[in-house]
Amino acid sequence: MTDDDDLRTRLHRADPAADVPPTAPDRVSRLLEKTMTTTTAAPRRTTALRPTRLITLAAAAVVLIAALGTWFVLRPDNTPGAPVAAPTVTEITAPGIAAKCAEPTADRLTEAADLAFAGTVTTIDGRIVTLEVTNVFRGAPTDVVRVAQTGDISETMMGSGKFEVGRDYLVASSEGSMLTCGYSGEASSPGLAGLYDTAF
Amino acid sequence: MNPDDRRQRFEAVAPTVIDAVRRFLARRTDPATADDVLQETLLVCWRRFDDAATGEVLPWAYGVARLCLANAERSRRRQGRLLARIRQLDPPRSVSPAPGLPDDDLAAALASLRADDAELLRLWAWEELALSQIAVVLGISANAVSIRLHRAKRRLRDELRKGEASAGHEESTEGSRP
């Protein structure tokens, strides 16, 4: 074994990585952040609302549809106990309300919503809008939400006023019915993210 | 594995893995490639972390890094060939320069070995892995590692002896011991 030891010692002394310093903690966290956000595209609540992420997410949505099964198994979810095998689907309806809207408040949102989530629209089939859920703030964990648009909600949705494929939305519903009137809309609409932050 | 557990476990082992993989790459490629491959390795490790749940993380991560590095070198060679064809130039001489060793004789001896043998020796002496761990990195049985490593050591010793004989100088492994 001494021959082996000699050989190992000689090799060891020539180790080109001998003077590689330990990785700085901030480099570790940078690498980690990049790793986890790149792979999962399931940002936490605050990051989902940053406009700079929208484009990335929109592109990611296309990939996500293709890789749906895998993604469900691997994504880090904020909701422990969420099923990993088959996607769970929640269905709500979005009635067209002609009534005038009172100014939305976080209190009212907290009180009324039994489901609130952030999601990206993956498909729109006729009046059925399918959203890939990236975060559930309230309600049972779910992977996909289908919104049946029973009326014209364009007046009451925040942001662009309608669902569009690839865009991110914050949606709240009460007893299976989507809350409009400033309580649901595009994630980047002014004030909406703040409202959700305060409410949940 | 619960997603939160998974994340926590990954974050717990990541600093060790990052350090180890950085060294692993510093021993085998240039700094720019090492940076790229480190990020790629982490991505793959995170994506396939469940595979590592049953065993030791480090040898598994080395295995991932090894394949990522091979991929990087393959695509670089491909780019090199394409460039060469377009410009009708010679392909780049050195594809991914391995870092120079302070011990010239040893460097020459290692370079003259087959790539597989040299890699076994590096994993054994530099990553300081046990036979069973090397087996995980290379995806072969511990038994095969034992046999091949034994042979690789013999070949390295032969090469070192040959080098010393032809250079005609006195330095030997015995004399250079601290």
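Is B:Glu128 buried, partly exposed or exposed, and at what relative accessibility? The views below come from a predicted model, and the first of them takes up this residue.

**View 1. B:Glu128 sits in a loop between two helices of chain B.** With a relative accessibility of 47%, B:Glu128 counts as partly exposed. Take a look at the backbone here too: phi is positive, about 55 degrees, although B:Glu128 is not a glycine. For background, most residues other than glycine have a negative phi.

**View 2. Helices α6 and α7 of chain B cross in a right-handed manner.** Here we look at the helices on either side of that loop. Helix α6 covers residues 115–125 and helix α7 covers residues 131–138; their axes come within 10 Å and cross at roughly 130 degrees. That angle makes α6(B) oblique to α7(B).

**View 3. Helices α1 and α2 of chain B run roughly antiparallel to each other.** The axes of α1 (residues 3–26) and α2 (residues 31–47) come within 10 Å and cross at roughly 150 degrees. An angle over 145 degrees counts as roughly antiparallel, so that is how α1(B) and α2(B) are described. Their crossing is right-handed. Residues of α1(B) that make the contact include B:Phe10, B:Ile18, B:Val21 and B:Leu25, and among those of α2(B) are B:Val37, B:Leu38, B:Leu42 and B:Trp46. By class, the contact has 10 nonpolar, 1 polar and 4 charged residues.

**View 4. Helix α5 of chain B has a buried side and a face turned away from it.** In this helix, residues 104–112, the buried residues are B:Leu106, B:Ala109 and B:Leu110. These residues cover an arc of only 100 degrees around the axis, so they lie on the same side of α5(B). Now turn to the face pointing away from the buried side: exposed residues B:Asp104 and B:Ala111 are found there.

**View 5. A:Glu175 lies in a loop between two strands of chain A.** The strands are β5 (168–174) and β6 (177–178). A:Glu175 counts as exposed, because its relative accessibility is 74%. Phi of A:Glu175 is near 50 degrees, a positive value in a residue other than glycine.

Terms used: Residues numbered from 1 in each chain as written. Chains lettered and ligands numbered in written order. Predicted model: local features only at pLDDT ≥ 70, side-chain atom pairs only at ≥ 80, totals over all residues. Heavy atoms only, no water. Axes fitted to C-alpha atoms, helices over the stretch in contact; angles between N-to-C directions. Helix = DSSP H or I, 4+ residues; strand = E, 2+ residues; numbered from the N terminus. Parallel < 35°, antiparallel > 145°, perpendicular 65-115°, else oblique. Left-handed = near helix turned anticlockwise from the far one by under 90°. Contact = heavy atoms within 4.5 Å. Nonpolar A, V, L, I, M, F, W, Y, C, P; charged D, E, K, R; others polar. Buried < 20%, exposed > 50% of the residue type's maximum accessible area, 1.4 Å probe, protein only. Arc of directions from axis to C-beta.
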